[in-house]
Amino acid sequence: MIDIKSMTLEEIGDLLKGMGEPAFRGKQVFTWLHRGAVSFAEMSNLSKSLREKLDGTCRITVPKIAMKQVSKLDGTVKYLWELGDGNCIETVLMRYHHGNTVCVSSQVGCRMGCAFCASTVGGKVRDLTPSEILDQVLFAQLDSGLPVSNIVLMGIGEPLDNLDAVLRFLELVNHPMGMNIGMRHISLSTCGLVPGIDRLGDLQLQLTLSVSLHAPDSETRSGIMPVNRAYDVEELFAACHRYFRKTGRRISFEYAMIDGVNDSDAQADLLAEKVRGMPAHINLIPLNNVRESKLKPSRRIAAFQKRLEQHGLTVTVRRSLGGDIDASCGQLRRRAMEQQKGEPQ
Ligand code: SAH
């Protein structure tokens, strides 16, 4: 069965042409899909015979809400979706002053193995399809009734490890006849897969690239992020400099503050040295406690921030949302998996 929501407008047009239909039918079908139609039967401006033909050849992905949590503190909504094959993924909808932001997953699980991250426990199960990434935005908006204006690819998975599907998702979600979310309102976060950064740079998209750095020296970084053994800090920064030269876009560096691991003044100084020569935004993240990990949150965030600012850098500290729900980084999926297995809480 064809996964029709993963297709571009042109591809749907070609498919319908092959069924003997005029070109404008493609636009009708595309519009229905991107408004969240869950069946061909409801596409009332298509003939019954075409609806039946489509139903016999194509499938429409529809995620089921397996769990939903709403924060009483700030209205953050967290969804655990069950996909067609029974796998589960998470999506978070955050309500910021600048608009509602959806944080989407790009894979079921993750194989990057970062020591502090709950998403990677259990490894990668499979990549998501473009439609499954899009559905997270679409159905979060439809379910919550909150218009989504921003997207961050910062949920479960490594987007540059599923780049073809992610690029297709970007094209779809950006489409004027679809959700029409501007590239400048989209951020993509990577743990630092250099070939992917280069490929993305060549496309010169207007999105914001976020690099999960977490340490400015390879010794520390390799200790918490296995990806650093494939692409070390030097290679990563070289790729970031190339990316900036190609796109002219400022890169955002994510830095989760871990007690006694990456929070020294010397590391702040080294970080400042590494980003010299390109406009950078440093986003310090208070470490979320992950039960599977022994790493503890740093108590030096303010001092580290000040030190970086003394070097003239732009630094923000990420505000934590959804503190009363399992809002971060694979926590809800972990919990659901444990409950299925009957493990103690
Ligand atoms: N794979 C991508 C995107 C998913 S992770 C990436 O690595 O960037 C989104 C962000 O949350 C990353 O910066 C990641 O390093 C960070 N993160 C993961 N676990 C965390 C934790 N326990 N506390 C704080 N940040 C965490």
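For the residue classes used here, Ala, Val, Leu, Ile, Met, Phe, Trp, Tyr, Cys and Pro count as nonpolar, Asp, Glu, Lys and Arg as charged, and the others, Gly among them, as polar. The structure is a predicted model, in which local features need pLDDT of at least 70 and side-chain atom pairs count only at pLDDT 80 or more, while totals for chains, interfaces and linings use all residues. Residues are numbered from 1 along each chain as its sequence is written, and side-chain values use heavy atoms, with hydrogens and water left out.

We can start with the ligand. The shell around the ligand holds 19 residues, and the closest are Phe116, Ser189, Ser212, His214 and Asn288 (a residue is near a molecule if one of its heavy atoms lies within 4 Å of it). By class, the shell divides into ten nonpolar, seven polar and two charged residues. Polar contacts are pairs of N or O atoms within 3.5 Å. In the side chain of Ser189, an N or O atom is 2.6 Å from an oxygen atom of the ligand. Gly157 has a backbone N or O atom 3.0 Å from a ligand nitrogen, and a backbone N or O atom of Thr190 lies 3.4 Å from a ligand oxygen. Of the 530 Å² of accessible area that the ligand has on its own, the protein covers 95% (Shrake-Rupley method, 1.4 Å probe). Two elements give two or more residues to this shell: strand S10 (186-190) and strand S12 (251-257). Strands are DSSP runs of E with at least two residues, and helices are runs of H or I with at least four, both numbered from the N terminus.

Next come the salt bridges, each a side-chain nitrogen of Lys or Arg within 4 Å of a carboxyl oxygen of Asp or Glu. A search of the whole structure finds 21 of them. Lys17 pairs with Asp14, with the closest N and O atoms 3.7 Å apart; both residues lie in helix H1 (residues 9-18), three residues apart, about one turn of the helix. For accessibility, buried means under 20% relative accessible area, exposed over 50%, and partly exposed in between (1.4 Å probe, protein chains only). Lys17 is exposed at 53%, and Asp14 is partly exposed at 48%.

Glu132 and Arg126 form a salt bridge at 3.0 Å, N to O, and Glu132 is buried, with 9% relative accessibility. Arg307 and Asp265 also meet in a salt bridge, at 3.6 Å, N to O. Arg307 lies in helix H11 (residues 301-310) and Asp265 in helix H10 (residues 265-274), so this pair ties together parts that are 42 residues apart in sequence.

How values were computed: Polar contact = N/O pair within 3.5 Å; in protein donor to acceptor, adjacent residues only side chain to side chain.
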